[in-house]
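Work through the exercises below with the sequence and the structure in view, and try each task before reading its solution.

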Amino acid sequence: MIGLLLLLHILILFTTYRLFNKEIISPSFLFISGFTISCYVAYCYQTEWDLGLHFNTFSIILLGSLSFLLVEWWYRNKHKKYFCYRNIKISQDVVPLSANKLIAFAVFQLIIYYLHYKQQMSFANTSVWADAIGEIDQDNKFGDKSFSLPWYINVPHAFCQVSGYIWICLFAYYIKLKRFTKTKILLAINVLLSMMGSLLSGGRMPLFGYLIPLGIMLFALNKKRSQKKQKPIKQQLGLIFLGVLFILFFSQIGSIIGRHETDNMDAKYVFAVYCGAEIKNLDVYMNSNEPFQLNEMLPLSNTLSSFYDFFNTRLGIGIPFKEEEYTFLTNGKYFLGNVYTCYRAFYNDLGGYGFLLAGFCSLLACVLYRKFNKSSFFQTGIVDLNVFLYCFFSMGLFLAFFSELFLRRLLSVEYFIRTVIYFYIITFILYGKNRAKMLS
C-alpha cells in the first residue's frame, strides 16, 4: 500500500508541476513534494517498520494531497491575472540600503545571540554548548524543569529571527544586481547570522525554515526577471542541490546542536526518523484506540489549538481546553519518534474527512501566494508584507508531512500580530519615513 501511495504522489506531483507552469514554489508543489519525499523514505523502510499501511491512512493522505491540488487549481482559475508570470525589467538604480544600518543589525544580532547562548550555558551549567542544548532539550521533553529566556532576550531574539526573512528577500534581490557589492556582503552576513541564531532553538527545522524561502525567492526572481525563454531546469537543479546538501549534513547539524541520535542510529536512519517515520506513526495512531476528541465542545479544537490558546493565555477567557500528548513510538529496535504528520490533528477533528482541512490549508496558502505574486517588491526591491508573509509561512507547507505547522502559526493570533509588528519596525528602520513614497 505504501508503494502505491508513493506512485500516486509522484503522479500528482508531476501533474502539479505541469498544471501550474512548472512553479516549484506554488503551495501545492511545496505541500505534495514534502509528502512524496516522506512516502519514499517510508517505502524504503517498510520492512524495518512493518509498514502495512491501512486503507484509512492511505486514503486520508492521498485525498489530502488531491484536495490541496484541486483547491489551488480552482483558486487560480478564479484569479488568473495574479498567477501569470510576466517578465519584469528591473532598473539597476534601486534605492540603496544604508551600510551603517545593515552593520548595526548584524551587531545587534550578534549581541542577542550571544546573550541567548550565555543563558543556555548558565542553565545547563556546562562548558560545551552542544551539551547544554542537548540537556535543555531533554529537560523540556522528559524533565521536571524547562528552559526559558527572560523577556529582554526572548523578544529581541524573536525580532532577529523575523528579520532573517527580510534579509533573505533582499539578498536574493541584490545578488541579481550588477552593483552594490558592499550591500550584498552585509546582507549575506545578516542572513548567515539569522541562520546560525536559529540553531540556538536546538532544532534543525528553523534553519530549514530559512532555506525554503531562500529557494522561493531565488526561483521567483529568476522567473519574473528573465527576458529570454525560460530554462527552469538549471535553477530548479540548483534548488534541489541546496536541499540535498541539507540532507547530507542533517545528522552533522544535529551533532552541533547537541542531538546525540547518531549514538544509537546511523546518519541515514536519523534522517528517516525525521522524514518518513511520521507516516508509520500516523498509521499506528489512526488504527489504535487512542484517537479521541479532547475538546468536544470546541470546533476543530486540534487544528485550531493555537487560536484557542490565545484566548486562554492572553485574554484570560477560560475556554476549557486540553493539550494533546504525543508519545514516542518504536517498532522493535527501531525508534520512530513522536511526530505524526499534519493529519493527526485533522483526523482528530473530522475523522475520515480530515483531508478536507488540507483543502482549507490550500485556500489560505493560495491567498498568500496570490499576494506574493502581485508584490511590488519584484519591481522596486523594497520588501513589503505580501512577499514577506508567503516566505514566512511557506515552511509549514513543505513540512506538513512532519507536523501541522502551517495553520498553527498562521492562525495563532498573537504570533501573527507580533510577527507583523516586527516586520514593520524592521522595514521602518531600513527605509525610514519615506517608505510609502519609495513604493509609489
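**Exercise 1. Find which helix gives the most to the nonpolar patch, and list the residues of that patch.**

Solution. Helix α3 gives the most, with five residues, where helices are DSSP runs of H or I with at least four residues, numbered from the N terminus. This is a predicted model, in which local features need pLDDT of at least 70 and side-chain atom pairs count only at pLDDT 80 or more, while totals for chains, interfaces and linings use all residues. Residues are numbered from 1 along each chain as its sequence is written, and side-chain values use heavy atoms, with hydrogens and water left out.

The patch itself is made by Leu19, Leu63, Leu66, Leu70, Trp73, Trp74, Phe360 and Leu363, and covers about 710 Å² of surface. Leu363 lies in α15, and its relative accessible area of 31% makes Leu363 partly exposed, a class between buried (under 20%) and exposed (over 50%), found with a 1.4 Å probe on protein chains only.

**Exercise 2. Decide how many disulfides the structure holds.**

Solution. A disulfide is a pair of cysteine sulfur atoms within 2.5 Å, and the structure holds zero of them. Cys39 is in no disulfide, since the nearest cysteine sulfur, that of Cys275, is 9.7 Å away. Cys39 also counts as buried, because its relative accessibility is 0%. For Cys361, the closest cysteine sulfur belongs to Cys342 and is 6.5 Å away, which is too far for a bond. Cys361, at 4% relative accessibility, is likewise counted as buried.

**Exercise 3. Determine whether Tyr45 is buried or exposed, and which residues Tyr45 touches.**

Solution. Begin with its place in the chain: Tyr45 is found in the loop between α2 (27-44) and α3. Its relative accessible area is 11%, so Tyr45 is buried. Leaving aside residues up to four places away in sequence, Tyr45 touches Lys268, Tyr269 and Ala272, a contact being heavy atoms within 4.5 Å. Although Tyr45 and Tyr269 are 224 residues apart along the chain, their C-alpha atoms are separated by 9.2 Å.

Methods
Patch = residues over 30% accessible without salt bridge, like charges linked within 9 Å, V, L, I, M, F, W, Y side chains within 5 Å. Areas by Shrake-Rupley, 256 points an atom, 1.4 Å probe, with all protein chains shown as cover. Salt bridge = Lys/Arg side-chain N within 4 Å of Asp/Glu carboxyl O. Helix = DSSP H or I, 4+ residues; strand = E, 2+ residues; numbered from the N terminus.
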